[in-house]
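Here is a short briefing for a first look at this protein. Start with the whole, then turn to a few local details.

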Amino acid sequence: MTSIPAAPPRPRWWPRRWRGEGARALLWLSPWIAGVSVFFVYPLLSTVYFSFHRYDMYTLEFAGLDNYRYLLRDPRVGVSARNTLWLVAVMVPATVLFSLALAQLVVRLKAGAGLLRTVFYLPSLVPMTAGTITFVFLLNPGTGPVDHLLSLVGVRGPDWFGDPDWSKPSLTLLSLWGCGQLMVIFLAALLDVPRHLYEAAAIDGAGAWRQFRSVTLPTIAPVLMFALVTNVIYALQYFSQAMIASRVASGATDSPGSSFSPGYPEESLLTLPQWLFQVGFRDYAMGYACVLALLLFAVSMIFTLVLLRQFRRAEEAS
(Lines give C-alpha, C1' and ligand atoms only; values in the text may rest on other atoms or scores of the structure.)
Protein backbone atom coordinates (compact mmCIF):
# COMPACT_ATOMS: atom_id res chain seq x y z
CA MET A 1 0.00 0.00 0.00
CA THR A 2 1.43 3.32 -1.13
CA SER A 3 1.74 5.86 1.63
CA ILE A 4 0.72 9.45 1.04
CA PRO A 5 3.67 11.80 1.54
CA ALA A 6 3.22 14.20 4.40
CA ALA A 7 2.84 17.89 3.68
CA PRO A 8 5.96 19.93 4.35
CA PRO A 9 5.85 21.65 7.70
CA ARG A 10 4.96 25.34 7.68
CA PRO A 11 7.63 27.72 8.89
CA ARG A 12 7.42 28.75 12.50
CA TRP A 13 6.85 32.35 11.50
CA TRP A 14 3.63 31.38 9.59
CA PRO A 15 0.79 31.36 12.16
CA ARG A 16 -2.01 28.87 11.48
CA ARG A 17 -4.73 31.53 11.86
CA TRP A 18 -3.25 33.64 9.03
CA ARG A 19 -4.45 31.13 6.45
CA GLY A 20 -8.09 31.51 7.44
CA GLU A 21 -7.84 35.28 7.79
CA GLY A 22 -6.21 35.60 4.36
CA ALA A 23 -8.98 33.58 2.73
CA ARG A 24 -11.67 35.70 4.39
CA ALA A 25 -9.88 38.90 3.39
CA LEU A 26 -9.68 37.74 -0.24
CA LEU A 27 -13.35 36.78 -0.13
CA TRP A 28 -14.38 40.24 1.06
CA LEU A 29 -12.02 41.93 -1.41
CA SER A 30 -13.07 39.78 -4.36
CA PRO A 31 -15.70 42.25 -5.71
CA TRP A 32 -13.11 45.05 -5.66
CA ILE A 33 -10.41 42.82 -7.16
CA ALA A 34 -12.78 41.68 -9.92
CA GLY A 35 -13.85 45.25 -10.68
CA VAL A 36 -10.31 46.60 -10.80
CA SER A 37 -9.12 43.67 -12.90
CA VAL A 38 -11.94 43.93 -15.46
CA PHE A 39 -12.32 47.70 -15.68
CA PHE A 40 -8.75 48.93 -15.04
CA VAL A 41 -5.98 46.33 -15.24
CA TYR A 42 -7.24 44.55 -18.37
CA PRO A 43 -8.01 47.78 -20.33
CA LEU A 44 -4.63 49.24 -19.31
CA LEU A 45 -2.71 46.14 -20.41
CA SER A 46 -4.73 45.99 -23.63
CA THR A 47 -3.95 49.63 -24.34
CA VAL A 48 -0.24 48.98 -23.85
CA TYR A 49 -0.43 45.95 -26.13
CA PHE A 50 -2.29 47.73 -28.95
CA SER A 51 0.04 50.73 -28.73
CA PHE A 52 2.77 48.61 -30.30
CA HIS A 53 0.57 47.66 -33.25
CA ARG A 54 -1.12 49.17 -36.27
CA TYR A 55 -4.75 48.45 -35.54
CA ASP A 56 -7.69 49.73 -37.59
CA MET A 57 -10.38 47.69 -35.77
CA TYR A 58 -10.04 44.94 -38.39
CA THR A 59 -6.38 44.10 -38.94
CA LEU A 60 -3.57 43.94 -36.40
CA GLU A 61 0.06 44.39 -37.41
CA PHE A 62 3.05 44.73 -35.11
CA ALA A 63 4.66 48.17 -35.47
CA GLY A 64 7.18 48.29 -32.64
CA LEU A 65 7.84 51.83 -31.49
CA ASP A 66 6.51 53.51 -34.65
CA ASN A 67 3.43 54.87 -32.90
CA TYR A 68 5.56 56.34 -30.12
CA ARG A 69 7.94 57.92 -32.65
CA TYR A 70 5.04 59.49 -34.49
CA LEU A 71 3.82 60.94 -31.20
CA LEU A 72 6.95 63.14 -31.13
CA ARG A 73 6.28 64.38 -34.69
CA ASP A 74 2.53 64.90 -34.54
CA PRO A 75 1.85 68.68 -34.50
CA ARG A 76 -1.70 68.20 -33.23
CA VAL A 77 -0.39 66.63 -30.02
CA GLY A 78 1.48 69.82 -29.10
CA VAL A 79 -1.54 72.02 -29.86
CA SER A 80 -4.02 69.83 -27.98
CA ALA A 81 -1.63 69.42 -25.03
CA ARG A 82 -1.17 73.20 -24.72
CA ASN A 83 -4.92 73.77 -24.81
CA THR A 84 -5.51 71.06 -22.21
CA LEU A 85 -2.80 72.43 -19.91
CA TRP A 86 -4.32 75.91 -20.28
CA LEU A 87 -7.60 74.54 -18.98
CA VAL A 88 -5.78 72.91 -16.05
CA ALA A 89 -3.81 76.06 -15.21
CA VAL A 90 -6.63 78.60 -15.65
CA MET A 91 -10.05 76.98 -15.66
CA VAL A 92 -9.48 74.69 -12.67
CA PRO A 93 -8.21 77.38 -10.22
CA ALA A 94 -10.88 79.83 -11.42
CA THR A 95 -13.66 77.27 -10.92
CA VAL A 96 -12.45 76.17 -7.49
CA LEU A 97 -11.92 79.71 -6.20
CA PHE A 98 -15.24 80.94 -7.61
CA SER A 99 -17.10 78.00 -6.04
CA LEU A 100 -15.41 78.64 -2.71
CA ALA A 101 -16.29 82.34 -2.91
CA LEU A 102 -19.95 81.54 -3.62
CA ALA A 103 -20.06 79.11 -0.70
CA GLN A 104 -18.46 81.69 1.58
CA LEU A 105 -21.03 84.26 0.45
CA VAL A 106 -23.95 81.94 1.19
CA VAL A 107 -22.55 81.11 4.62
CA ARG A 108 -22.07 84.76 5.53
CA LEU A 109 -25.54 85.91 4.47
CA LYS A 110 -28.21 85.95 7.13
CA ALA A 111 -31.18 86.57 4.82
CA GLY A 112 -31.85 85.04 1.44
CA ALA A 113 -29.19 82.35 1.78
CA GLY A 114 -31.59 79.58 0.79
CA LEU A 115 -32.71 81.44 -2.34
CA LEU A 116 -29.14 82.17 -3.43
CA ARG A 117 -28.12 78.58 -2.77
CA THR A 118 -30.89 77.42 -5.09
CA VAL A 119 -30.04 79.99 -7.76
CA PHE A 120 -26.35 79.09 -7.75
CA TYR A 121 -27.06 75.35 -7.84
CA LEU A 122 -29.70 75.31 -10.59
CA PRO A 123 -27.29 75.72 -13.56
CA SER A 124 -25.52 72.49 -12.60
CA LEU A 125 -28.81 70.62 -13.17
CA VAL A 126 -28.98 71.70 -16.82
CA PRO A 127 -27.90 68.87 -19.16
CA MET A 128 -24.36 69.39 -20.38
CA THR A 129 -25.22 69.42 -24.08
CA ALA A 130 -28.17 71.79 -23.70
CA GLY A 131 -26.21 74.09 -21.41
CA THR A 132 -23.26 74.34 -23.81
CA ILE A 133 -25.48 75.03 -26.84
CA THR A 134 -27.44 77.66 -24.89
CA PHE A 135 -24.23 79.32 -23.72
CA VAL A 136 -22.90 79.55 -27.28
CA PHE A 137 -26.11 81.21 -28.47
CA LEU A 138 -26.14 83.59 -25.49
CA LEU A 139 -22.62 84.73 -26.38
CA ASN A 140 -23.29 84.91 -30.12
CA PRO A 141 -21.91 88.30 -31.26
CA GLY A 142 -24.75 88.86 -33.73
CA THR A 143 -27.89 87.67 -31.99
CA GLY A 144 -26.84 86.93 -28.41
CA PRO A 145 -28.24 89.03 -25.55
CA VAL A 146 -24.87 89.29 -23.77
CA ASP A 147 -23.23 91.42 -26.45
CA HIS A 148 -26.45 93.41 -26.81
CA LEU A 149 -26.41 94.28 -23.09
CA LEU A 150 -22.74 95.20 -23.32
CA SER A 151 -23.46 97.52 -26.25
CA LEU A 152 -26.02 99.39 -24.12
CA VAL A 153 -23.19 100.49 -21.82
CA GLY A 154 -20.84 101.29 -24.67
CA VAL A 155 -18.83 98.05 -24.61
CA ARG A 156 -18.29 96.07 -27.79
CA GLY A 157 -18.26 92.40 -26.94
CA PRO A 158 -15.76 90.03 -28.56
CA ASP A 159 -16.50 87.11 -30.85
CA TRP A 160 -16.58 84.77 -27.89
CA PHE A 161 -16.44 81.34 -29.54
CA GLY A 162 -15.23 82.58 -32.93
CA ASP A 163 -12.02 84.26 -31.77
CA PRO A 164 -9.14 81.93 -30.78
CA ASP A 165 -8.08 84.39 -28.09
CA TRP A 166 -11.52 84.25 -26.43
CA SER A 167 -12.64 80.67 -27.01
CA LYS A 168 -10.96 79.12 -23.96
CA PRO A 169 -11.95 82.01 -21.63
CA SER A 170 -15.52 81.51 -22.88
CA LEU A 171 -15.35 77.85 -21.85
CA THR A 172 -14.06 79.02 -18.47
CA LEU A 173 -17.15 81.22 -18.10
CA LEU A 174 -19.27 78.17 -18.91
CA SER A 175 -17.47 76.24 -16.17
CA LEU A 176 -18.06 79.04 -13.67
CA TRP A 177 -21.74 79.15 -14.60
CA GLY A 178 -22.17 75.45 -13.85
CA CYS A 179 -20.12 75.17 -10.64
CA GLY A 180 -23.15 74.63 -8.39
CA GLN A 181 -22.22 71.10 -7.31
CA LEU A 182 -18.75 72.15 -6.22
CA MET A 183 -20.25 75.12 -4.41
CA VAL A 184 -22.52 72.78 -2.41
CA ILE A 185 -19.51 70.64 -1.44
CA PHE A 186 -17.64 73.69 -0.18
CA LEU A 187 -20.78 74.90 1.58
CA ALA A 188 -21.00 71.66 3.55
CA ALA A 189 -17.31 71.93 4.47
CA LEU A 190 -17.66 75.55 5.60
CA LEU A 191 -20.70 74.77 7.74
CA ASP A 192 -18.68 72.01 9.43
CA VAL A 193 -15.96 74.41 10.66
CA PRO A 194 -16.30 74.75 14.46
CA ARG A 195 -17.66 78.19 15.36
CA HIS A 196 -15.57 78.43 18.52
CA LEU A 197 -12.41 78.64 16.39
CA TYR A 198 -13.72 81.81 14.77
CA GLU A 199 -14.67 83.21 18.17
CA ALA A 200 -11.19 82.50 19.56
CA ALA A 201 -9.56 84.10 16.53
CA ALA A 202 -11.79 87.16 16.84
CA ILE A 203 -10.85 87.52 20.51
CA ASP A 204 -7.18 87.47 19.49
CA GLY A 205 -7.87 90.34 17.10
CA ALA A 206 -7.87 88.41 13.82
CA GLY A 207 -9.76 90.05 10.99
CA ALA A 208 -11.85 88.36 8.30
CA TRP A 209 -8.90 87.55 6.04
CA ARG A 210 -6.79 86.27 8.94
CA GLN A 211 -9.65 84.05 10.11
CA PHE A 212 -10.09 82.67 6.60
CA ARG A 213 -6.38 81.95 6.21
CA SER A 214 -5.74 80.55 9.71
CA VAL A 215 -9.06 78.85 10.51
CA THR A 216 -11.10 78.18 7.39
CA LEU A 217 -8.41 76.99 4.98
CA PRO A 218 -6.70 74.50 7.35
CA THR A 219 -10.07 73.03 8.31
CA ILE A 220 -11.39 72.56 4.79
CA ALA A 221 -7.99 71.59 3.33
CA PRO A 222 -9.00 67.94 2.61
CA VAL A 223 -12.13 69.10 0.77
CA LEU A 224 -10.10 71.68 -1.14
CA MET A 225 -7.61 69.00 -2.18
CA PHE A 226 -10.45 66.74 -3.29
CA ALA A 227 -11.86 69.56 -5.41
CA LEU A 228 -8.48 70.29 -7.00
CA VAL A 229 -7.69 66.67 -7.83
CA THR A 230 -11.12 65.88 -9.28
CA ASN A 231 -11.24 69.10 -11.32
CA VAL A 232 -7.71 68.56 -12.67
CA ILE A 233 -8.68 65.07 -13.83
CA TYR A 234 -11.90 66.49 -15.28
CA ALA A 235 -9.96 69.18 -17.18
CA LEU A 236 -7.50 66.63 -18.55
CA GLN A 237 -10.49 64.65 -19.85
CA TYR A 238 -12.29 67.74 -21.16
CA PHE A 239 -14.16 66.67 -24.26
CA SER A 240 -17.90 67.22 -24.62
CA GLN A 241 -18.22 70.95 -23.94
CA ALA A 242 -15.29 71.85 -26.20
CA MET A 243 -16.53 69.59 -29.00
CA ILE A 244 -20.11 70.89 -28.82
CA ALA A 245 -19.05 74.54 -28.58
CA SER A 246 -16.73 74.17 -31.57
CA ARG A 247 -19.38 72.46 -33.65
CA VAL A 248 -22.15 74.94 -32.85
CA ALA A 249 -19.94 78.02 -33.23
CA SER A 250 -18.58 76.80 -36.58
CA GLY A 251 -22.07 76.13 -37.94
CA ALA A 252 -21.15 72.56 -38.91
CA THR A 253 -24.02 70.19 -39.72
CA ASP A 254 -24.40 66.44 -40.04
CA SER A 255 -25.62 66.65 -43.63
CA PRO A 256 -24.08 64.23 -46.18
CA GLY A 257 -20.79 65.46 -47.56
CA SER A 258 -20.11 67.86 -44.69
CA SER A 259 -17.04 67.46 -42.51
CA PHE A 260 -16.09 68.86 -39.15
CA SER A 261 -12.61 69.06 -37.70
CA PRO A 262 -12.60 69.54 -33.92
CA GLY A 263 -10.89 72.54 -32.40
CA TYR A 264 -12.69 75.47 -34.06
CA PRO A 265 -11.66 78.27 -34.09
CA GLU A 266 -8.12 77.63 -35.41
CA GLU A 267 -7.65 74.57 -33.16
CA SER A 268 -7.93 76.74 -30.05
CA LEU A 269 -10.49 74.35 -28.52
CA LEU A 270 -8.74 71.14 -29.58
CA THR A 271 -8.07 69.17 -26.40
CA LEU A 272 -6.11 65.95 -26.04
CA PRO A 273 -9.22 63.75 -25.56
CA GLN A 274 -10.73 65.24 -28.73
CA TRP A 275 -7.63 64.44 -30.75
CA LEU A 276 -7.60 60.94 -29.29
CA PHE A 277 -11.23 60.49 -30.39
CA GLN A 278 -10.47 61.86 -33.85
CA VAL A 279 -7.49 59.54 -34.33
CA GLY A 280 -9.16 56.42 -32.97
CA PHE A 281 -12.77 56.61 -34.14
CA ARG A 282 -12.57 58.84 -37.22
CA ASP A 283 -9.17 57.91 -38.69
CA TYR A 284 -9.28 54.33 -37.31
CA ALA A 285 -5.66 54.53 -36.14
CA MET A 286 -6.45 52.72 -32.92
CA GLY A 287 -2.83 51.81 -32.17
CA TYR A 288 -1.77 55.44 -32.18
CA ALA A 289 -4.90 56.35 -30.21
CA CYS A 290 -3.75 53.92 -27.52
CA VAL A 291 -0.45 55.82 -27.31
CA LEU A 292 -2.40 59.05 -26.79
CA ALA A 293 -4.50 57.35 -24.12
CA LEU A 294 -1.36 56.24 -22.28
CA LEU A 295 0.00 59.79 -22.51
CA LEU A 296 -3.21 61.16 -21.02
CA PHE A 297 -3.13 58.55 -18.25
CA ALA A 298 0.50 59.36 -17.39
CA VAL A 299 -0.16 63.11 -17.26
CA SER A 300 -3.21 62.57 -15.04
CA MET A 301 -1.19 60.41 -12.65
CA ILE A 302 1.65 62.95 -12.51
CA PHE A 303 -0.71 65.83 -11.70
CA THR A 304 -2.51 63.78 -9.06
CA LEU A 305 0.70 62.64 -7.36
CA VAL A 306 2.14 66.17 -7.36
CA LEU A 307 -1.02 67.60 -5.79
CA LEU A 308 -1.16 64.87 -3.14
CA ARG A 309 2.52 65.37 -2.32
CA GLN A 310 2.08 69.12 -1.96
CA PHE A 311 -0.95 68.57 0.26
CA ARG A 312 1.03 66.17 2.47
CA ARG A 313 3.86 68.68 2.76
CA ALA A 314 1.42 71.43 3.71
CA GLU A 315 -0.10 69.20 6.39
CA GLU A 316 3.34 68.36 7.83
CA ALA A 317 4.33 72.04 7.86
CA SER A 318 1.20 73.02 9.73
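A residue counts as buried when its relative accessible area is under 20%. By that cut-off, 34% of the 318 residues of the protein are buried. The model is a predicted one. Its secondary structure consists of 14 helices and two strands.

**Overall shape**
- The radius of gyration is 26 Å, whereas a compact globule of 318 residues would have one near 20 Å.
- Along the principal axes, the C-alpha atoms fill a box of roughly 105 × 70 × 30 Å.
- Take the contacts between residues at least 6 apart in sequence: 67% of them join residues at least 24 apart.

**Surface and charge**
- The protein has an accessible surface of about 19,800 Å², and carbon and sulfur atoms account for 67% of that.
- There are 24 positive and 18 negative charges, and their mean positions lie 14 Å apart.

**The loop between H12 and H13**
- Helix H12 spans 240–250 and helix H13 spans 272–282, with Pro265 in the loop between them.
- The peptide bond from Tyr264 to Pro265 is cis, and its omega is near 0°.
- Glu266 sits in this loop between H12 and H13 as well.
- Glu266 is not a glycine, yet its phi is positive, at about 55°.
- Glu266 is exposed, with a relative accessible area of 69%.

**The loop between the strands**
- Met57 lies between strand E1 (53–55) and strand E2 (60–62), in the loop that joins them.
- Met57 also has a positive phi without being a glycine, here about 80°.
- With a relative accessible area of 39%, Met57 is partly exposed.

Note on methods: Residues are numbered from 1 along each chain as its sequence is written. This is a predicted model: local features need pLDDT of at least 70, side-chain atom pairs count only at pLDDT 80 or more; totals for chains, interfaces and linings use all residues. Side-chain values use heavy atoms; hydrogens and water are left out. Helices (H or I, at least four residues) and strands (E, at least two) are DSSP runs, numbered from the N terminus. The radius of gyration is taken over C-alpha atoms; the globule rule is 2.2 Å times the number of residues to the power 0.38. Buried means under 20% relative accessible area, exposed over 50%, partly exposed in between (1.4 Å probe, protein chains only). Contact means heavy atoms within 4.5 Å. Accessible areas come from the Shrake-Rupley method with a 1.4 Å probe; for residues, only the protein chains shown count as cover. Lys and Arg count as positive and Asp and Glu as negative; His and the chain ends are not counted. The place of a charge is taken as NZ of Lys, CZ of Arg, CG of Asp or CD of Glu.
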